[in-house]
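Keep the model open as you read.

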Amino acid sequence: MMRRVALVVAIFAAATAARAAGPATSYTADPGASRLEFIGVQAGAEFKGSFRKFTAAVDFAPDSLASARFDVQIDLNSLDTMDKDRDKTMRGPDIFDIAHFPTAHYVTRSFTKTAAGYSAVGALTLHGVTKDVPIDFQFVSAAGQSKIEGTAKLKRLEFGVGQGDWKSTEWVKDEVKVTFSLVLKPGT
């Protein structure tokens with residue numbers, strides 16, 4: 001009985017603190033100043049790529065993590081690795097299969113404060129598969145500008161990214177590192 005009372009008190013205190021903190025501030029990512037990049041390994045060498053077109057709606061305030069939310073839509077056709085042949089292969093049916101899966105979507109559901117900044121867990125839908133992907137990030141707001149920078153790691157094969165010869169990790173490693181820098185402007 002005492003445990004239930006303590007649990008109810010803890011839940012009430014957390015809800016009261018979340019309400020007292022106020023709502024998160026709404027932002028959108030400035031598309032010209034923001035970046036979404038990834039690093040893969042092919043034949044033992046790292047290669048970098050980016051997605052040139054994406055949108056990010058961000059609700060965030062450091063003192064209001066309960067109401068924080070990131071909603072990111074990625075146009076996979078905007079893939080650019082600075083290698084036209086690799087880009088064509090990656091857009092094709094054996095990697096991203098953009099004809100059937102033209103977008104990726106990431107939506108957060110929980111945030112925590114860490115010693116280095118923040119972490120969040122969200123659902124990434126990629127190649128028709130939805131899985132949890134944690135991110136680590138820092139939020140900086142100074143001189144009238146806010147910015148979020150962070151990283152994530154994912155395993156491409158968990159999302160079915162890599163079919164046929166590309167399913168083997170002998171030539172293309174499974175783990176992919178994602179980096180992002182979102183320059184935020186007030187949302188509407």
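## Burial and surface

Buried residues, meaning those under 20% relative accessible area with a 1.4 Å probe and protein chains only (over 50% is exposed, in between partly exposed), make up 39% of the 188 residues in the chain. The chain exposes about 11,100 Å², with 57% of that supplied by carbon and sulfur atoms; accessible areas come from the Shrake-Rupley method with a 1.4 Å probe.

A word on the ground rules: this is a predicted model, where local features need pLDDT of at least 70, side-chain atom pairs count only at pLDDT 80 or more, and totals for chains, interfaces and linings use all residues. Residues are numbered from 1 along each chain as its sequence is written, and side-chain values use heavy atoms, with hydrogens and water left out.

## Fold

You will find two helices and 11 strands in the chain, taken as DSSP runs numbered from the N terminus (helices H or I, at least four residues; strands E, at least two). Along the sequence they follow the pattern α-β-β-β-β-β-β-α-β-β-β-β-β. Among contacts (heavy atoms within 4.5 Å) with a separation of 6 or more, 58% join residues 24 or more positions apart.

## The nonpolar core

A nonpolar core here is a set of buried Ala, Val, Leu, Ile, Met, Phe, Trp, Tyr and Cys residues joined through side-chain atoms within 4.5 Å. The largest one has 42 residues, of which Val58, Phe60, Phe96, Phe137, Ile148 and Leu182 touch the most other members. Strand β11 (residues 175-186) gives the most to this core, with five residues.

Take a look at Phe96: leaving aside neighbours within four places in sequence, its contacts include Phe51, Leu76, Met90 and Val161. Leu76 sits in the loop between β5 (69-75) and β6 (79-80). Why does Leu76 count as buried? Because its relative accessibility is 1%. Beyond residues up to four places away in sequence, Leu76 touches Phe51, Phe96 and Phe101, among others.

## The largest pocket

The largest pocket has a volume of about 720 Å³, the space filled by probe spheres set on grid points joined across faces, edges and corners. A pocket is an open set of points on a 1 Å grid over the protein atoms alone, where a 1.4 Å probe fits, with protein on both sides within 12 Å along at least five of seven lines; lining residues have an atom within 4 Å of a point.

Of the 37 lining residues, Phe38, Phe51, Leu154, Val176 and Val178 lie nearest the pocket's centre. Strand β2 (residues 35-42) provides the largest share of the lining, six residues.
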